[in-house]
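Try each task before reading its solution.

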Amino acid sequence: MMKKILSMFALVTMLGLGFTANTFAEDAAPSADTEATTPVADAAPATDAAPVAAPAEAAPAQAAAAPAPVPNKGDTAWMLISTVLVTLMVIPGLALFYGGLVRQKNMLSVLMQVFMIFSLMAVLWAIYGYSVAFTGGSPFFGGLSKAFLAGITPDSLGATFSKGVYIPELVFVGFQLTFAAITPALIVGAFAERMKFSAILLFMVIWFTFSYLPLAHMVWYWDGPDAITNAASLETVVANAGWLWAKGALDFAGGTVVHINAGVAGLVGAIMVGKRIGYGKEALTPHSLTLTMVGAALLWVGWYGFNAGSNLEANGYAALAFVNTTIATAAATLAWSFTEWSLRGKPSMLGAASGAVAGLVAITPACGFVGPMGAIIIGLLVSPICYFFVAKVKYWLGYDDALDVFGIHAVGGIFGALATGVFVNPALGGVGVVDYVANGVSAYDFGAQMTAQITAVVTAIVLSGVVSFIAFKIVDVLIGLRVSEESEREGLDTSAHGERAYHS
Amino acid sequence: MKFVSAIIKPFKLDEVREALSIIGVQGITVTEVKGFGRQKGHTELYRGAEYVVDFLPKVKIEIAIQDDLLDQVIEAIEKSAATGKIGDGKIFIFNLEQVYRIRTGETGVEAL
């Protein structure tokens, strides 16, 4: 079946190119005859096909008759800006957010870890990451056909969520690169101030390859909307798609792929690397909450690219994701501050910044699926839950997740993933799930949707947990996880990097 | 000659400096310090991690004066640095053996 589609795709592409000039204004009938084996009765309705060409894979006969789709410049511009915004989240946003939270003697080590991980992942993404995540293969792991970005040119097209609408594939490669780069960088907060720099880099390569890429493939890989024209083609798409995509799990911008994935790796890391010297006895206080606030604010701003950009098109759904990102984050900021105020007597700046990040995490999987009122509820609920984990559970269980990667990203991500399944319901203000066969909204089924969401959450926890455990073990055997006690007391800035952040 | 070392609340520094210039004190050395006395520290909370901060920030001023200025200096500091609340600080008085002005080599009261 796959071979047949592929060969047809190749044939049709050639035909399309050959006939573009003289078939543009003509009836599709003549060329349809050349593809008599494929019935086109169920092909996409005219509303979807015109004026842009019906894409080749979906309706071969029509594609041959119409010109190849041309990416919309507005979509392309928006996605390039979104890519820049996500880069802003990592360097400098995440780096400063984390940097401010560590002690002065470890400031540069955290900045350096984030900076280097971003750069390392960017290169790995081009070499094999993109191919493994976004080509077909098994439902769990893609192939290597696009390794070294083979065959991707400025003319290559990437699917969006609308039939007949494409963006340049290179834009998609660049946009997804930033996601692949921020996710490993998030993990470093869990074992900040004590892990060997070389060990971090090696761990990240292993984890990126065996946890991030498979999960991105499972959740996000599919053939695109134009491949779906009828129930039969839907089945083909589902069979070819990533495992969790096929289950119907919803993750708009990466709650599962990015946040649960990174958060669980952080928890495993915090436990396996061990507590910082002096944890629970000495004051391990943030050295600059000013920089942490700057970092959190950059994360917030950059997150518009992350969330609204995940729509891949500049349209009303991008606007929905955009608005939801703002108000869920605002609600979560308020909720964390009021929680802290009522329980501890004072609302702190760090609390407000933490609430904002928790809100951003929770709305990430939901932002293009829920309505604004759903977003407010998600924001209001996520903060008390995350607060409970970082202020209580962490101390009860005794692990030293230094910058609360698990307590905010995994916990917020899990809550967001489940809340997405609830608030996507059109009866609760959500926009529902698109049915690409009927070209409308599918009927909402609470049980089925929550089953899919829970499956995705459990998959992410198990995958990341197991891969992280094995990866830390390997790194421990090869180079060891921790710096020496002397280096840790001295601070990683001078002991690992030979420089100091501040000279007074 | 006397050497006066006073620990005061940081925000009182300007008032103290002003009061001392009025009575003719020629120079002051100021240091930001931390310490504890009877005033208790405070608690800081970072995402639920609670730290008791025992050492509070204070300012230490040091003045070298001739003997006859001492009472005025003490009075000036006491008045200008007082808030009436715990933590206002202390004044320590030492006998000063000798003073040298590095530039000219003058000694004693001449060097003050």
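**Exercise 1**

Leaving aside its neighbours within four places in sequence, with which residues is A314(A) in contact?

*Solution.* Keep in mind throughout that this is a predicted model.

Step 1: locate the residue. A314(A) sits in the loop that runs between α12 (289–309) and α13 (316–344) of chain A.

Step 2: set aside the neighbours within four places in sequence. The contacts of A314(A) are then G74(A), D75(A) and W78(A).

Step 3: look at a further pair. L80(A) is 234 residues away from A314(A) in sequence, yet 11 Å separate the two in space, C-alpha to C-alpha.

Step 4: judge the burial. A residue counts as buried if 20 or more other C-beta atoms lie within 10 Å of its own. A314(A) has 20 such neighbours, so A314(A) is classed as buried.

**Exercise 2**

Find the residues of chain A that have a positive phi although they are not glycines, taking L149(A) and E193(A) as your cases, and decide whether each is buried or partly exposed.

*Solution.* Step 1: begin with L149(A), where phi is about 55 degrees. This residue belongs to the loop between α6 (107–134) and β1 (157–159) of chain A.

Step 1: count its surroundings. L149(A) has 17 C-beta neighbours inside 10 Å and therefore counts as partly exposed.

Step 2: turn to E193(A), whose phi is about 80 degrees. The loop between α7 (169–187) and α8 (197–220) of chain A holds E193(A).

Step 3: count again. Because E193(A) has 23 C-beta neighbours inside 10 Å, it is assigned to the buried class.

Step 4: The peptide bond from I91(A) to P92(A) is cis, with omega near 20 degrees, and P92(A) is placed in helix α5 (residues 73–101) of chain A.

**Exercise 3**

Describe how α14 and α16 of chain A cross, and name the residues that make the contact.

*Solution.* Step 1: take the axes. Those of α14 (residues 349–363) and α16 (residues 405–423) of chain A come within 7 Å, crossing at roughly 40 degrees.

Step 1: classify the angle. Angles under 35 degrees would count as roughly parallel and those from 65 to 115 as roughly perpendicular. α14(A) and α16(A) are therefore oblique to each other, and their crossing is right-handed.

Step 2: list the contact residues. α14(A) supplies S354(A), V357(A), A358(A), V361(A), A362(A) and I363(A), while α16(A) supplies I408(A), H409(A), G412(A), G413(A), F415(A), G416(A) and A419(A).

Step 3: sort them by class. The contact of α14(A) with α16(A) has 8 nonpolar residues, 5 polar and no charged.

**Exercise 4**

In what order do the 4 strands of the open sheet in chain B lie, and which stand at the edges?

*Solution.* Step 1: read across the sheet. The order is β2-β5-β1-β6 in chain B, and the pairing is antiparallel.

Step 1: find the edges. β2 (29–35) and β6 (89–95) of chain B each have a single partner strand, so one side of each is left without a neighbour in the sheet. From one strand to the next, the twist averages 20 degrees.

Step 2: check two of the pairings. β1 (residues 2–8) and β5 (residues 56–65) of chain B are joined antiparallel by 7 bridges, with K2(B) opposite I65(B) of β5(B). β2(B) and β5(B) are also antiparallel, over 7 bridges, and here V33(B) faces K58(B) of β5(B).

**Exercise 5**

How many residues of chain B are in contact with chain A, and which strand gives the most?

*Solution.* Step 1: count both sides. 6 residues of chain B are in contact with 11 residues of chain A.

Step 1: find the main contributor. On the chain B side this is strand β3 (residues 42–46), with 3 residues.

Step 2: sort by class. The chain B side has 3 nonpolar, 1 polar and 2 charged residues.

Terms used. Residues numbered from 1 in each chain as written. Chains lettered and ligands numbered in written order. Predicted model: local features only at pLDDT ≥ 70, side-chain atom pairs only at ≥ 80, totals over all residues. Pairing = 2+ DSSP bridges. Helix = DSSP H or I, 4+ residues; strand = E, 2+ residues; numbered from the N terminus. Axes fitted to C-alpha atoms, helices over the stretch in contact; angles between N-to-C directions. Parallel < 35°, antiparallel > 145°, perpendicular 65-115°, else oblique. Left-handed = near helix turned anticlockwise from the far one by under 90°. Contact = placed C-beta atoms within 7 Å. Nonpolar A, V, L, I, M, F, W, Y, C, P; charged D, E, K, R; others polar. Buried ≥ 20, exposed ≤ 12 C-beta atoms within 10 Å, placed from the backbone.
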